[in-house]
Structures are given as structure tokens and as C-alpha cells.
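Q: Could you take me through a close look at how the helices pack against one another in this model? I would also like to see how that part sits within the whole.

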Amino acid sequence: MGEQEPLILVDNVHKSFLMGKEAVQALRGITMDVARGEVVCLMGPSGSGKTTLLNIIGGLEEPSRGHVIVDGENVVALSEDRLSEMRLNKMGFVFQNYNLLANFTALENVEVPMALAGLGRRERRRKAEWLLECVGLADRAKHYPSEMSGGQQQRVAIARALANDPPILIGDEITGDLDSETGFEVMEIVVQLNREQGTTVIYVTHDPRMARFAGRLIQLRDGRIVEDQV
Ligand SMILES: Nc1ncnc2c1ncn2[C@@H]1O[C@H](COP(=O)(O)OP(=O)(O)OP(=O)(O)O)[C@@H](O)[C@H]1O
Ligand SMILES: [Mg+2]
């Protein structure tokens, strides 16, 4: 794929969930593309489809209709194996609830994706230490998630998402549970990553102050894009 191609292409994506006999229309024809190196903020009321859209871009859910192309690959058509590989190498996901493994230390949590990608023990330890240092948590490497604050856990989750140098970082309300100062710190890390490594970022927030970190703001309402502005 040439550099001019959008990194992420979402084409007329629909998603409906069947709830008993009723279909819930979560997405009603989303079309957008994201260029390499963009930082995109997604906003919209609760239930407008933000998480659903992120999950479909990440191949965690299938659209009912439409296409998603990520880095030249048709996500919807990929086998489960190729999808896992794509998630492991091309995308870092940060979820609102951190999703850290409770019985693993911060360091071990960051090592998991590297172990899955087949990186050797020594190398992944070294890199995990470095990543924790990058997010300001070198001194918490041996702590378990229950021994860290929300902001610290979120930073571990970011370090973990970055473990395999993904060109894309996807964050669902990564600052949702944080006080605003910690939230700003987390966003600074993300923006710095974009500046220094060209990482493409898509993140969801409810907080207009967190939206300022983006170069582009997309507003969803009832499963549709109602605004897309630079
Ligand atoms: N697994 C599911 N089964 C049924 N309905 C679902 C499912 N996931 C999402 N929905 C519905 O799809 C719509 C969009 O949900 P989604 O989670 O994408 O919203 P959101 O914009 O992320 O909201 P929030 O800001 O509250 O996180 C909602 O009406 C929701 O109830
Ligand atoms: Mg959501």
C-alpha cells in the first residue's frame, strides 16, 4: 500500500444487534477514513455507537454490512488467525477498564503481547522495562494492578498496548476514570507517541477538554456521523 492510501477505511458500515426479537441499530452507515499519523477523537452521547465502531475497526466485532480496510487488509474477510495477528502487530487497544491481568505485575502485563508475538524472554523484559519507564512507571514494575492507582493502571495498559510497536493506537475512554490532571498526563503520552513515532490514534472521550489533543473530531449520534471537523 502506498503512503497516500488511508490507513483505515470504513465504508458504509452498519451494525445491528438482535435483542430478543428486536434489532438495535448501533451503526447506521458509517463512512470515514483515517490517514497515517492522524489523531482522531470520537465523541457522542452514550449509546451512539462509539465502542461498537472501535470494536469493528479492531476486528473484535463484525459489521452487519459494509467494509473495513486496515493497512490494505479487509478486516471483515480475515480469518481468526490473521485477525489475531493483525491485532497483535498493527493495533494497540486500551480499554476503559484497563483489562490488566490481576495476577500479573505491571511488568508481566506489558510482556504478554510480546510473548504472544514470540519475542524472547530477555528482550521482552528489557522492552517492558523501557515502556514502563516511558509512561513514568519504572518504580512500579513489580506492583500488581490492585496495588496501583487508576491512572497508573491506565498507563500500564498503554505501555502494554504499545508493546509490539503498533502503527495504530485505539483507546476507548482511556481517561474516563481519571482525575483531569492524570487524564492530561495520559493524553500527553499519547500525543507524544504520535509526534515521535507517527502512531495513528483514534480515541473516544466524553470530556471536551480531552478532545483538544486531537487533530480531528468526529461526532456520532444514533449510529451516524453528524460532524467531522479538523
Ligand atoms: N452486544 C450488544 N448487544 C446488544 N446491543 C448492543 C451490544 N453492544 C452495543 N449495543 C447497543 O448498541 C448501541 C451502541 O452501543 P455502544 O456501546 O457502541 O455505544 P457508546 O457510544 O460506546 O456508548 P457509551 O458512551 O455509553 O460507551 C447501544 O444502543 C447499545 O445498547
Ligand atoms: Mg462505549
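A: Happy to. Angles between axes under 35 degrees count as roughly parallel, over 145 as roughly antiparallel, 65 to 115 as roughly perpendicular and the rest as oblique. Axes here are lines fitted to C-alpha atoms, for helices over the stretch in contact, and angles run from 0 to 180 degrees between N-to-C directions. Helices (H or I, at least four residues) and strands (E, at least two) are DSSP runs, numbered from the N terminus.

This is a predicted model, in which local features need pLDDT of at least 70 and side-chain atom pairs count only at pLDDT 80 or more, while totals for chains, interfaces and linings use all residues. Residues are numbered from 1 along each chain as its sequence is written, and chains are lettered from A and ligands numbered from 1 in the order in which they are written.

Let's begin with α5 (residues 150–161) and α6 (residues 180–197). Their axes come within 10 Å and cross at roughly 10°, so α5 and α6 are roughly parallel to each other. On the α5 side, Gly 151, Gln 154, Arg 155 and Ile 158 make the contact, and they meet Thr 182, Val 186 and Ile 189 of α6. Contact here requires C-beta atoms, placed from the backbone, within 7 Å. By class, these residues are 3 nonpolar, 3 polar and 1 charged. In that scheme Ala, Val, Leu, Ile, Met, Phe, Trp, Tyr, Cys and Pro count as nonpolar, Asp, Glu, Lys and Arg as charged, and the others, Gly among them, as polar.

Now to the other neighbour of interest, α3 (residues 106–116). The axes of α3 and α5 come within 8 Å and cross at roughly 30°, so this pair is also roughly parallel, and the crossing is right-handed. From α3 come Ala 106, Asn 109, Val 110, Val 112 and Pro 113, while α5 contributes Val 156, Ala 159 and Arg 160. The contact of α3 with α5 divides into 6 nonpolar, 1 polar and 1 charged.

Helix α3 also packs against α4 (residues 121–134), at an angle of about 125° and with the axes 9 Å apart, so α3 is oblique to α4. This crossing, too, is right-handed. Here α3 uses Ala 106, Leu 107, Val 110, Glu 111, Met 114 and Ala 115, against Arg 124, Arg 125, Lys 127, Ala 128, Glu 129, Leu 131 and Leu 132 of α4. The residues of this contact are 8 nonpolar, no polar and 5 charged.

As for the whole, the protein has 7 helices and 10 strands. Its C-alpha atoms fill a box of roughly 45 × 40 × 40 Å, taken along the principal axes.

Methods
Contact = placed C-beta atoms within 7 Å. Left-handed = near helix turned anticlockwise from the far one by under 90°.
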